[in-house]
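I opened my notebook to record what I looked up in this structure. The sequence and the fold go here before the entries.

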Amino acid sequence: MPAIAVAAPAILDFLPLMTPELDTLLCQRHPRIFRLRHSDPQLSALGRGMECGDGWFRLIDTLCEQLQWETDHNDAPQVVATQVKEKMGTLRFHARPRSDYQSGMIRIAEALSAHLCERCGKFGEMLIIRGYRSVRCDEHLPPGP
């Protein structure tokens with residue numbers, strides 16, 4: 001489905017970043033995956049934090065649970081996240097090393113993000129807001145022109 005273009009008053013109003021509380025919670029729940037979280041941002045992009053909105057917290061948390069389970073129970077490599085961000089309106093979860101199966105999990109999570117509001121996690125629609133793609137539910141649509 002094509003994205004719908006809408007107007008928005010300010011760029012920062014629609015480029016959400018994960019709150020420090022949820023960022024910290026992900027790191028506490030998945031310390032092996034997010035072990036680079038507090039690295040120098042020049043050495044690891046993850047040092048800048050989770051560069052996406054709170055609405056994708058559950059998606060990322062569930063993805064990490066499954067990635068770790070695969071490591072712990074099926075001898076898959078220990079995934080280490082190097083960057084978690086929004087790009088072109090969808091989640092990008094960069095990690096290494098990873099098995100083909102773990103890569104598939106990541107691709108599915110990234111695809112699902114195209115249908116989840118980045119602000120709250122409810123079902124949403126891909127929009128173009130001042131030239132940027134963003135998934136929003138009806139509740140989090142930007143104000144009209």
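My entries below cover a serine, the nonpolar core and the cysteines.

**Entry on the serine.** I am working from a predicted model. I looked up serine 113 and found it in helix H3, which covers residues 100–113. Is serine 113 buried or exposed? Its relative accessibility is 0%, so I wrote it down as buried. I then listed its contacts, leaving out residues up to four places away in sequence. Serine 113 touches Trp56, Leu59, Gly89, Thr90, Leu91 and Val135.

**Entry on the core.** I went on to the largest nonpolar core, which has 24 residues. Phe34, Met50, Ile60, Leu67, Val84 and Phe93 touch the most other members. Helix H1 (20–29), helix H2 (57–74), strand E2 (80–87), strand E3 (90–96) and H3 each give this core at least two residues. Which element supplies the largest share of this core? I noted H2, with 6 residues.

**Entry on the cysteines.** I wanted to know how many disulfides a search of the whole structure finds. The search gave 0. A disulfide is a covalent bond that joins the sulfur atoms of two cysteines. Cysteine 27 is buried, at 14% relative accessible area. Cysteine 52 is buried too, with a value of 0%. The cut-off I used for buried is under 20%.

Notes: Residues numbered from 1 in each chain as written. Predicted model: local features only at pLDDT ≥ 70, side-chain atom pairs only at ≥ 80, totals over all residues. Heavy atoms only, no water. Helix = DSSP H or I, 4+ residues; strand = E, 2+ residues; numbered from the N terminus. Buried < 20%, exposed > 50% of the residue type's maximum accessible area, 1.4 Å probe, protein only. Contact = heavy atoms within 4.5 Å. Core = buried A, V, L, I, M, F, W, Y, C linked by side-chain atoms within 4.5 Å. Disulfide = S-S within 2.5 Å.
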